[in-house]
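Please report on the structure shown below. Cover its side-chain pairs, its surface and the confidence of the model.

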Amino acid sequence: MKAYQQGWTLRRRVAALLGVVLVLLLGLAAAEAAVAAKNRQNIDAVLLKTGPLRVQAQELMSVLLDQETAVRGYAVNGDRNDLVPYREGVQREQTLIASIRDLSADYPDVRRELGVVEQRTAQWRSQVAEPVIATTERSGPAAGQALITDQTRQQFDGIRGAVTTLQDEVLTVRKETADRVNATSNVLVVLLIIAALVVAVAGAVMLLSLDRILIRPLAGLVGQVREVAEGDYQHHIEGSGPPEFRRLADDIDLMRQKIAQELDEVRQARERIEWVNSQLQKQAEELTRSNRDLEQFAYVASHDLQEPLRKVASFCQLLQRRYAGQLDERADQYIAFAVDGAQRMQRLINDLLAFSRIGRLTTGFTEVDLNKVMGDVAGQTEAARQYADAELTWDEMPTIRGEEPLLTNLLVNLVSNSVKFRRPDVTPKVHVSARLVDGEWEISCRDNGIGIEPEFADKIFVIFQRLHSKDAYPGTGIGLAIVKKIVEYHGGRVWVDTDAEEGTTIRFTLPALEADIEAARAADEAAAAEQAEATEPVEGSTGDGASTGEGVEDAAPEVATQPDGPVREESPARADGHGTNGGMKETVG
């Protein structure tokens with residue numbers, strides 16, 4: 001991290017550059033504001049002070065001339081109407097002098113000249129105008145004219161000179177103010193030019209700085225990353241420029257190292273997988289050869305071994321029939337053992353052949369009606385059921401996809417086992433039912449036989465696994481192994497329901513058709529809608545069972561538990577047929 005602390009960061013550099021530019025622009029803005037205010041003040045002075053001063057000074061000259069002309073006219077004619085311009089001129093003179101005095105508050109020279117004009121005007125009025133008017137009123141025009149002399153004319157010329165001096169002073173002040181306006185305007189223009197130069201220089205410096213501290217390091221980093229992306233995973237990535245870029249380069253290089261390491265691991269794993277695949281291929285070839293050997297063995301077992309075995313069994317039976325009672329009792333027992341062994345060997349070979357053919361000799365899946373299959377099962381187990389006085393019933397069974405011969409063999413084995421493992425002095429009863437659970441048909445074979453202990457529930461599906469001696473219950477111990485293999489071949493699973501209260505219940509699943517799933521879903525939705533309508537409160541109900549929902553518990557679905565899943569519900573339509581004669585029934589006895 002110490003390496004990253006050397007030098008300014010990109011953010012700090014940009015902030016410093018922008019800060020300097022901002023300070024310069026703010027300073028220039030403040031100066032421009034001050035100059036603009038001064039310029040506006042000077043313009044106001046030109047427009048609102050010096051301009052009106054000039055106009056009023058000219059008007060003052062005109063007013064004084066009107067007064068002098070009115071006095072001369074009155075002295076000639078003696079008509080008092082000639083004094084009206086004089087009286088009005090005096091009033092106008094006072095107004096103009098007051099206005100000029102207010103406007104020239106910031107101009108002492110103008111006020112000084114205005115005082116001179118006031119003084120000389122007052123002297124002329126007191127020494128010339130008023131005496132001429134009074135003499136003319138008293139003695140007539142001739143006497144008044146006698147008072148107007150060259151001296152009085154020179155005195156008025158002094159007034160005229162004073163007003164001219166005042167006008168010149170006003171013009172001087174106006175010119176100075178206008179010069180100041182031009183000066184401030186020029187300064188304002190210069191400041192604007194400087195601001196534009198600052199912005200231009202700052203922009204150029206910003207571009208050069210960004211090219212040096214941002215674009216070049218970033219372009220170099222992009223080039224190095226592109227080399228790595230093109231496959232050079234061993235290329236070390238080095239950063240330059242601000243600390244952020246160097247840190248980013250180190251992070252990318254660390255990521256490159258991880259990717260390179262993972263690629264090495266993937267490459268090694270691929271090599272191991274290829275080696276494993278080669279071994280699996282060899283094992284597959286060995287398995288293929290082994291299967292060919294097993295098929296050859298099955299062929300030999302079904303043909304070559306059967307012939308001598310049948311011969312041994314046939315001749316042993318001939319000995320038993322012809323020489324029975326002619327030899328001693330021990331000889332008859334030995335012959336019986338030989339006959340029984342040969343017959344059991346034949347059954348064992350036939351069962352092994354049947355087990356090996358499952359899934360190997362296939363006719364293809366078709367839609368199979370299990371009701372028809374149950375009819376075939378009833379026919380194939382008729383002899384055993386007659387012997388045991390057994391009763392076979394089944395509910396309405398579904399249609400599924402599978403191989404009919406295998407499914408028939410499956411149910412024949414289950415029904416035969418239920419009849420075989422019966423309780424003494426109890427009429428054997430076997431019931432087969434089906435229900436739809438989560439897109440699968442769960443088929444149950446329930447009997448009232450001797451039952452199976454829970455600890456042996458998984459062992460009975462192992463080939464050659466027997467829970468009883470062959471003397472107690474005959475058989476090869478391969479029937480339930482065939483059942484399991486057929487079920488798994490059809491994509492299902494099989495188990496023993498250990499919660500059965502009596503006898504044995506073996507359950508297995510088979511995939512359901514899409515039409516059955518859709519029909520069950522529609523039925524569930526309709527039932528839910530009916531139940532919702534039934535549970536809605538009815539206005540004006542009396543509280544009896546029909547309006548409060550009594551009896552709903554009676555229609556609760558049957559619940560079954562599977563060993564590898566949660567509690568599942570059986571639809572009432574399927575549950576109604578269990579334990580009754582509402583479905584198919586085959587009774588023998």
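Arg-153 and Asp-150 form a salt bridge, with 2.8 Å between the closest N and O atoms. A salt bridge here is a side-chain nitrogen of Lys or Arg within 4 Å of a carboxyl oxygen of Asp or Glu. Both residues sit in helix α5 (residues 150-229), three residues apart, about one turn of the helix. Helices (H or I, at least four residues) and strands (E, at least two) are DSSP runs, numbered from the N terminus.

Asp-150 is exposed at 53% relative accessibility. Arg-153 is partly exposed at 35%. Buried means under 20% relative accessible area, exposed means over 50%, and partly exposed lies in between (1.4 Å probe, protein chains only).

## Basis of the model

The model is predicted: local features need pLDDT of at least 70, side-chain atom pairs count only at pLDDT 80 or more, and totals for chains, interfaces and linings use all residues. Residues are numbered from 1 along each chain as its sequence is written, and side-chain values use heavy atoms, with hydrogens and water left out.

pLDDT is the predictor's confidence in each residue, from 0 to 100. The chain averages 77, and 80% of the residues score at least 70. Residues 1-5 stay under 50 in pLDDT, and the model gives them five contacts beyond four places in sequence. Residues 538-589 are also below 50, and that stretch has 80 contacts beyond near neighbours in sequence. A contact means heavy atoms within 4.5 Å.

## Overall build

The chain has 15 helices and 10 strands. Of its 589 residues, 32% count as buried. Take the contacts with a separation of 6 or more: residues 24 or more positions apart account for 73% of them.

The accessible surface comes to about 35200 Å². Carbon and sulfur atoms hold 55% of that surface. The areas come from the Shrake-Rupley method with a 1.4 Å probe; for residues, only the protein chains shown count as cover.

## Salt bridges between helices

Side chains of opposite charge can pair when their charged atoms come close. The count for this model is 18 salt bridges. One of them joins Arg-125 to Glu-93, with the closest N and O atoms 2.3 Å apart. Arg-125 lies in helix α3 (residues 108-139) and Glu-93 in helix α2, so the bridge ties together parts that are 32 residues apart in sequence. Arg-125 is buried at 13% relative accessibility. Glu-93 is buried too, at 2%.

Glu-404 and Lys-372 also meet in a salt bridge (2.8 Å, N to O). Glu-404 belongs to helix α11 (residues 404-420) and Lys-372 to helix α9 (residues 370-380), so this pair links parts that are 32 residues apart in sequence. Glu-404 is partly exposed at 28%. Lys-372 is partly exposed at 48%. Elsewhere, salt bridges with shared partners join Arg-435, Glu-442, Asp-497 and Arg-507 into one network.

## Aromatic pairs

A pair of aromatic rings is described by the distance of the centres and the angle of the planes. Rings of Phe, Tyr and Trp (its six-membered ring) pair if their centres lie within 6.5 Å; planes under 30 degrees apart count as stacked, over 60 as edge-to-face and the rest as tilted. The count is two aromatic pairs. In one of them, Phe-365 and Tyr-489 have ring centres 5.6 Å apart and planes at 85 degrees, so the pair is edge-to-face.

This pair links distant parts of the chain, 124 residues apart. Phe-365 is in the loop between α8 (329-357) and β1 (366-369), and Tyr-489 is in helix α12 (residues 479-489). Phe-365 is partly exposed at 32% relative accessibility. Tyr-489 is partly exposed at 27%.

## Surface patch and a C-alpha pair

Ile-43, Leu-47 and Leu-48 form a nonpolar surface patch, with about 290 Å² of accessible area together. Patches are made of residues with over 30% relative accessible area and no salt bridge: like charges are joined within 9 Å, nonpolar side chains (Val, Leu, Ile, Met, Phe, Trp, Tyr) within 5 Å. Leu-48 lies in helix α1 (residues 10-77). Leu-48 is exposed at 56% relative accessibility.

Ser-99 lies in helix α2 (residues 84-103). Ser-99 is partly exposed at 23%. Its C-alpha atom is 9.3 Å from that of Pro-52, 47 residues apart along the chain.
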